[in-house]
Amino acid sequence: MITLPFLYMAFVVFLVGAVIGSFLNVCIYRMPLDQSIISPGSRCMSCGTAVRWFDNIPVISWLLLRGRCRGCGAGFSIRYPLVELLNACLFLLLFLRFGLTLPFLVYALLVSALVVVTFIDFDHQIIPDEISLPGIGLGFLVSFFLPEPGWLSSLAGIIVGWGSLALVFYAYLWLTGREGMGGGDAKLLAMLGGFLGLQAVPFIIFTSSLVGSLAGLSIMALQRKGRHLAIPFGPYLVFGAILYIFYGPWLINWYLRLGK
Ligand SMILES: [Zn+2]
């Protein structure tokens with residue numbers, strides 16, 4: 001039943017998601033440049049004016065200032081409020097699915113990291129080790145406290161997640177002499193296997209390959225360029241992981257029942 005306290009909690013979760021989304025924007029911009037994500041505070045990239053707190057309210061400030069710096073009028077990308085909104089929606093969906101539980105907190109943290117990974121991979125075609133390597137350790141650590149998937153499945157997920165993409169990476173390198181996907185993708189899948197367990201790994205590989213091929217083919221058709229287009233694979237792995245968090249076990253059961 002939907003009660004007033006429930007609606008209030010959902011609203012608070014949404015706000016917290018937006019505020020954290022604002023911090024994720026800082027991480028997306030600064031981590032690839034090896035800048036500190038703590039200080040200094042947000043600044044206008046054109047005139048260097050520090051963004052004051054009342055101009056730094058997620059989504060709202062961007063709308064009020066119509067995406068412009070109060071000092072010099074330089075434009076701020078619409079991506080900033082969109083990342084905040086995206087993270088807020090993901091937090092809200094996780095809350096509706098899991099309630100205020102430990103899995104909610106763990107998945108909220110994971111999803112936030114994945115938002116950062118996605119946009120950094122889009123911009124720079126890299127997945128920072130600063131996220132994936134601690135993520136592997138953290139995923140394994142929290143598996144001791146979560147009801148699912150258990151530490152053994154988490155450990156197996158790390159090994160198989162890393163191993164399967166590393167295999168693809170080296171096979172492609174050996175066959176073509178070129179690097180197909182980055183080694184960062186293997187570390188990302190290891191992290192996802194650590195958080196979500198062994199059975200998530202084939203699910204994520206399958207869905208990300210499917211969506212990635214469809215997207216890749218449409219991009220190629222639109223651009224009419226050669227086939228050696230560098231398309232980051234990280235965002236598709238992230239898509240598969242988020243799909244798994246919400247529907248994975250349900251989809252796997254549905255698929256297994258199809259075979260009978
Ligand atoms: Zn400015």
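Helix H1 hands over the largest share of the lining of the second largest pocket, five residues. A helix here is a DSSP run of H or I at least four residues long (strands are runs of E, at least two), numbered from the N terminus. This is a predicted model, so bear in mind that local features need pLDDT of at least 70 and side-chain atom pairs count only at pLDDT 80 or more, while totals for chains, interfaces and linings use all residues. Residues are numbered from 1 along each chain as its sequence is written, and side-chain values use heavy atoms, with hydrogens and water left out.

**The second largest pocket**

- The second largest pocket holds about 700 Å³ of space. That volume is the space filled by probe spheres set on grid points, which are joined across faces, edges and corners.
- As for what counts as a pocket: on a 1 Å grid over the protein atoms alone, a pocket is an open set of points with protein on both sides within 12 Å along at least five of seven lines, whereas a cavity is a set where a 1.4 Å probe fits but cannot get out; lining residues have an atom within 4 Å of a point.
- There are 34 lining residues, and Ser42, Arg43, Val51, Asn56 and Phe76 are the closest to the pocket's centre.
- Helix H1 (4-30), helix H2 (60-64) and helix H3 (79-98) are the elements that each give two or more residues to this lining.
- By type, the lining splits into 17 nonpolar, ten polar and seven charged residues. Nonpolar covers Ala, Val, Leu, Ile, Met, Phe, Trp, Tyr, Cys and Pro; charged covers Asp, Glu, Lys and Arg; the others, Gly among them, are polar.

- For reference, the ideal angle for four tetrahedral donors is 109.5 degrees.

- Ser39 and Pro40 are joined by a cis peptide bond, with omega about -5°. Pro40 belongs to the loop between H1 and H2.
- Another cis peptide bond runs from Glu148 to Pro149, with omega near -5°; Pro149 is in the loop between H5 and helix H6 (151-176).
- Asp34 isn't a glycine, yet it has a positive phi of about 60°. Asp34 is in the loop between H1 and H2, and it is exposed, at 65% relative accessible area.
- Val59 also isn't a glycine and has a positive phi of about 60°. Val59 is in the loop between H1 and H2, but it is buried, at 16% relative accessible area.

**Residues in the helices**

- Val83 lies in helix H3 and is buried, with a relative accessible area of 1%.
- Leaving out residues up to four places away in sequence, Val83 touches Gly21, Asn25, Ile28, Val115 and Phe119; contact means heavy atoms within 4.5 Å.
- Val115, in helix H4 (residues 102-124), is buried at 4% relative accessible area.
- Ser132, in helix H5 (residues 129-142), is buried at 1%. Beyond its neighbours within four places in sequence, Ser132 contacts Lys187, Leu188 and Met191.
- Trp174, in helix H6, is exposed, with a relative accessible area of 73%. From C-alpha to C-alpha, Trp174 is 55 Å from Phe6, and the two are 168 residues apart in sequence.

Key: Buried means under 20% relative accessible area, exposed over 50%, partly exposed in between (1.4 Å probe, protein chains only).
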